[in-house]
Amino acid sequence: MLKNINPLLSGELLNVLRTMGHGDDIALVDRNFPATSIANGKPVIRLDGSSVNDAAAAILSVLPLDSFVAHPVKRMEVVGEDSSLIPEVQQEMATLLKTLEGDNDSAKMESLERFAFYEAAKQAFAVVVTGEARGYGCFLLKKGVIFS
């Protein structure tokens with residue numbers, strides 16, 4: 001155990017977050033996401049006992065979001081619905097982002113159609129699978145830089 005480190009941040013996950021570079025994405029997904037096939041040999045980290053938002057809070061306690069892009073967080077759109085529909089699990093993520101990032105662009109999410117999300121996730125550095133039971137609990141987080 002480490003002081004002041006969220007217990008969801010295993011050694012494996014901390015190593016992935018540390019190893020990522022500026023502009024790399026990490027896919028943070030629900031339990032239904034095809035993680036292993038999408039990752040295609042890249043790290044897949046399982047946090048089966050956590051919600052996607054608890055995992056996001058832990059990750060974002062140490063991971064800076066990219067301030068050089070308009071939307072460092074992307075969400076999967078609900079299939080067959082208008083892109084403006086935001087399920088409860090994604091609303092909770094938006095609230096978390098606003099709490100952590102304030103009203104700047106880092107708190108705003110961009111939506112991606114399901115298959116476009118899958119394609120973007122294939123480029124991610126790693127995939128973190130949570131135990132999130134609600135559908136569309138799938139996000140991409142783009143790593144930023146620390147200036148100090």
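The model is predicted: local features need pLDDT of at least 70, side-chain atom pairs count only at pLDDT 80 or more, and totals for chains, interfaces and linings use all residues. Residues are numbered from 1 along each chain as its sequence is written, and side-chain values use heavy atoms, with hydrogens and water left out.

I begin with the sheet. Six strands form an open, mixed sheet in the order β2-β5-β1-β6-β3-β4. Strands here are DSSP runs of E of at least two residues, and helices are runs of H or I of at least four, numbered from the N terminus; two strands pair if DSSP finds at least two bridges between them. Because β2 (44–47) and β4 (109–112) each have a single partner strand, one side of each is left without a neighbour in the sheet. Strands β3 (residues 73–76) and β4 run parallel and are joined by four bridges, with Met76 opposite Leu112.

Now the helices, where contact means heavy atoms within 4.5 Å and angles run from 0 to 180 degrees between N-to-C directions of axes fitted to C-alpha atoms, for helices over the stretch in contact. Helix α3 (residues 52–60) lies across β1, β2, β5 and β6, at about 150° to β1. Helix α4 (residues 88–101) lies across β1, β3, β4 and β6, at about 155° to β4.

Finally, Phe33, Phe115, Phe117 and Tyr118 form one aromatic cluster; rings of Phe, Tyr and Trp (its six-membered ring) pair if their centres lie within 6.5 Å, with planes under 30 degrees apart counted as stacked, over 60 as edge-to-face and the rest as tilted.
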